[in-house]
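Here is a short report on a protein complex. It covers confidence, the relation between the chains, and the domains.

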Protein chains: 2
Amino acid sequence: MRNFQLKNPTKIIFGKGEMPKMAAELPKDAKILLLYGGGSIMKNGIYDQVKAALKGFEVAEFGGIPANPEYAILMQALKVIKEKNITYLLAVGGGSVIDGVKFLSAAALYEGEEPWDILTKRIRTKKGMPFGTVLTLPATGSEMNSGAVITRKDTKEKRTMGGPGLFPQFSVLDPEVIKSVPKRQLANGLADAYTHVTEQYLTYPVGALLQDRFAESILQTLVEIAPKIMEEDFNYETASNFMWCCTMALNGLIQKGVPSDWATHMMGHELTALHGIDHARTLAIIAGNHYTYTFEDKKEKLAQYAERIWGVQEGTIEEKARIGIIKTTEFYQSLGIETKLSAYTDAYDGTAEIIAKRFADRGWAGLGERQKVTPSDVQKIVEMSY
Amino acid sequence: MRNFQLKNPTKIIFGKGEMPKMAAELPKDAKILLLYGGGSIMKNGIYDQVKAALKGFEVAEFGGIPANPEYAILMQALKVIKEKNITYLLAVGGGSVIDGVKFLSAAALYEGEEPWDILTKRIRTKKGMPFGTVLTLPATGSEMNSGAVITRKDTKEKRTMGGPGLFPQFSVLDPEVIKSVPKRQLANGLADAYTHVTEQYLTYPVGALLQDRFAESILQTLVEIAPKIMEEDFNYETASNFMWCCTMALNGLIQKGVPSDWATHMMGHELTALHGIDHARTLAIIAGNHYTYTFEDKKEKLAQYAERIWGVQEGTIEEKARIGIIKTTEFYQSLGIETKLSAYTDAYDGTAEIIAKRFADRGWAGLGERQKVTPSDVQKIVEMSY
């Protein structure tokens, strides 16, 4: 096990009917900016619940934060924050809205001239404007971590940021919100959470027995509930397990003391930036090919994964590991997710070269848990994904 | 799954050689009281490491906090805190020292006349004097939770306390400390952590799939490492898994959204208070009999436990559940721990009546996850444990 530090100060308020409790978490004199996405919260009743909980507070609003939160739109929100002397941000939405609010939390107190620098210069935010979240779509885990991913359309870029100052102060997780989420987005959420775990688990063994089992617990639970989520009507118990899995998949716990990969995400982000493909689907396109390409480096954990998640008891380490990769791709497909880039765009030609060149230009010489996946390797993995 | 709230602000600093990092967690102007137990930290080098890390800080010391931290001694420490205008407490020890420091954290800011009231009147501490810990013995999980157990010799009492203000600000967890811990105490630590999990897991099913698997992950890992801890020389990897299991067993995570029992602990505390038996050993005396007595209420989870932890695949729910109880008792015995009260004292006669009367006097009408274990049930369970 590696040395690690763990501190996660976010307060989770979990369960149906808990929305009113957020009022106790907000400073009485807060000037709140409520931020949300495309307006689905107006239809499913969440907006009304939030407004009821905020009764008595001074609240301004900013709607329209899109999936893959867009820099230009966030800069408009930043203007509102400054003009209205906002002191507290409240994200009501999924990972995109929450990530956008994390950027705003950092940018609101950033002293540099160009907030985009926070992303390109990888500036870690130690203190941001305080914020809370009301999660409307389980998937990204952003509700209990300090990272964010921001997109810039004019340069077709998607970049990451974070820092210990960017944990939500609280997050309200009410599984009832899942009732109104379209199946396509539920599939994305399952695939996203699943891949968050594999990024932190399918690396190489370091004798971290408990972390491995925690990661496996999340994967086993996602595999168990996925058919119910996809094929059955809303069920509160299933929904609550789904929601808690998504949060635990990326709140930092399972990555403590172990190596982590994230190369699939890095390549996937580029597929979203270039072709507008849903984030979770880009992961499904890349993951299996990445594991096949880096097979020798990952085969021990792949074999353990095949055994413990998919019940593969026969065969050599290599044979089990190969089955583990196949099972992963089949899992994405069981959610109705295509696992080839060509299923999403006809214009895939040249994608691999562009991504490899971008990584080289950014000086990203070695991705993955061994920091040895070069831009030239990236080109081959993306080509395998066509 | 039940509704829950989760917030755990403790910063964990985990791994060998990390002791110096605690300096960055302490306010520069802190007037620190370093508290420790019987002085073993003088022999194993931990005292020197802590003092080196505290170089430049104003530090007073208070040693001699005994196992089952004793009220009268803690009151002496409280006097030192007030006389020296201490502003920060640092516990260097196992669960007893840390629990004692939690009491002091609460008592230092308590405005009532009699600090013992914090325990008897079950006063929840919202704000205590800030403190950190350096863990020297993995077992109780006190290093990452907000609860404590305090003993009072003159009345032969052992009582619990807690509150959101009693989380350590940081805890240094260096598995190397295990090198110098006697095997007897390692056995206690394994039994203690194991029983912390079963208290939160062997209840009744509420469809909390992930919490169940997390609990099982800790049990599986403890079962895997226990023979190595007990029979082999110090091994850093094994020690680090042991230490992390103990912390995760009682930092609040696995109990979120599920019922919890704690009747074994309540009865066990009385055996310590009356007969001076090591805490962990009292749990081993009670647990199996408690599960046998409440069999009908616990059999579903006992069967799941037998399947997933002990690989019992054949038989009815009842048959599996019975084997689960036997395996539990055998696990304690595999650590060299006796599971009958009569193995510890000849003066066991009458113990059950005394405990039942104490619980009745305190108004504890119903213990356990269904709040239906009455003082008369307690009497029978303790009698079964003779």
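The sections below take these topics in turn.

## Model and confidence

This is a predicted model: local features need pLDDT of at least 70, side-chain atom pairs count only at pLDDT 80 or more, and totals for chains, interfaces and linings use all residues. Residues are numbered from 1 along each chain as its sequence is written, while chains are lettered from A and ligands numbered from 1 in the order in which they are written.

Chain A has an average pLDDT of 97 (the predictor's confidence in each residue, from 0 to 100). In chain A, 100% of the residues score at least 70. For the complex, the predictor gives an ipTM of 0.97 and a pTM of 0.97.

The same surface serves both copies: 97% of the contact residues of chain B recur in chain A. Contact means that C-beta atoms, placed from the backbone, lie within 7 Å.

## Domains of chain A

Chain A is assigned domain 1 (11–176) and domain 2 (183–384). The bounds come from an automatic or database domain assignment. The C-alpha centres of the two domains lie 26 Å apart.

In chain A, 17 residues of domain 1 are in contact with 22 residues of domain 2.

Technical notes. Two residues are in contact if their C-beta atoms, placed from the backbone, lie within 7 Å.
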